[in-house]
Amino acid sequence: GALVYQYPRRTICKSGTSMRMECQAVGFQATSVAWYRQSPQKTFELIALSTVNSAIKYEQNFTQEKFPISHPNLSFSSMTVLNAYLEDRGLYLCGARDWGANTGQLYFGEGSKLTVL
Amino acid sequence: GDSVTQTEGPVTLSEGTSLTVNCSYETKQYPTLFWYVQYPGEGPQLLFKVPKANEKGSNRGFEATYNKEATSFHLQKASVQESDSAVYYCALSDLSAGNKLTFGIGTRVLVRP
């Protein structure tokens, strides 16, 4: 079946430092990867949608300068949170979409939890 | 833009009773509708999806009908179990918006034994 792995599961970083997180799709081709942040208020915020061979589309309030994303192939994506501050804390979720699927279903990893001190 | 509104939690109920979590949506197109469930410490898992209006989705005793006229997709279960305690998210995906998945705020359900 389709599985998505994210790592690290948890990171604690000092304010102003950066954190890189990775997302691995297993058992299917992840043509699109969506990165979300789940804040302490438990809302899913879409950060960006990355599609192989297309430009990465960032949502309002999120920028490439702050959240650079790499999606080099159909099984892997990474995102970095640069200069993390308290407001960046939360659970970062990677959702991968299967090749050819047009219903928008995402397979999610278990998330990378970021704590900023 | 697209939006999803759902029952504000927490919803607390006893084992064996029925559950309804309301979900309504706004979109200009014809979306696919989803229910996701998230257990503590895990990412959200798909419960089921319904791509067409007037059809019903179901899984693990949960069900919801895609009501295009009412723009609703209410989640129901006739008899809940303690293991159903989780946060439930209603979501929609719109092809015209690049298949962007828009989530509701989530409804925490607590089932007491």
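Visitor: Which kind of link do the side chains of Glu59(A) and Lys57(A) form, and at what N to O distance?
Guide: Happy to start there, and please keep in mind that this is a predicted model. A salt bridge needs the nitrogen and the carboxyl oxygen within 4 Å. The side chains of Glu59(A) and Lys57(A) meet that condition, forming a salt bridge at 3.8 Å.

Visitor: Is Lys57(A) buried or exposed?
Guide: Let's take the two partners in turn. Glu59(A) has 18% relative accessibility, so it counts as buried. For Lys57(A) the value is 53%, and the cut-off for exposed is over 50%. Lys57(A) therefore counts as exposed.

Visitor: Which parts of chain A hold Lys66(A) and Asp88(A), and how many residues apart in sequence are they?
Guide: The side chains of Lys66(A) and Asp88(A) meet in a salt bridge, 2.8 Å from N to O. Lys66(A) sits in the loop between strand S6 (57–58) and strand S7 (69–73) of chain A, while Asp88(A) sits in the loop between S8 and S9 of chain A. The pair therefore ties together parts whose separation in sequence is 22 residues.

Visitor: Now for the two chains together: how much area do chain B and chain A bury between them?
Guide: The size of an interface is often given as the accessible area lost when the parts come together. In this model, 21 residues of chain B are in contact with 21 residues of chain A. Carbon and sulfur atoms carry 52% of the buried area, which is about 1,600 Å².

Visitor: How many residue pairs are in polar contact between chain B and chain A?
Guide: Salt bridges between chain B and chain A number zero. Polar contacts do occur between chain B and chain A, and the count of residue pairs is five.

Visitor: Which strand gives the most to the side of chain B that touches chain A?
Guide: Strands S5 (32–38), S6 (45–50), S10 (86–94) and S11 (100–103) of chain B each supply at least two residues of that side. With four residues, the strand that gives the most is S5(B).

Conventions: Residues numbered from 1 in each chain as written. Chains lettered and ligands numbered in written order. Predicted model: local features only at pLDDT ≥ 70, side-chain atom pairs only at ≥ 80, totals over all residues. Heavy atoms only, no water. Contact = heavy atoms within 4.5 Å. Buried area = accessible area lost by both parts, 1.4 Å probe. Polar contact = N/O pair within 3.5 Å; in protein donor to acceptor, adjacent residues only side chain to side chain. Buried < 20%, exposed > 50% of the residue type's maximum accessible area, 1.4 Å probe, protein only.
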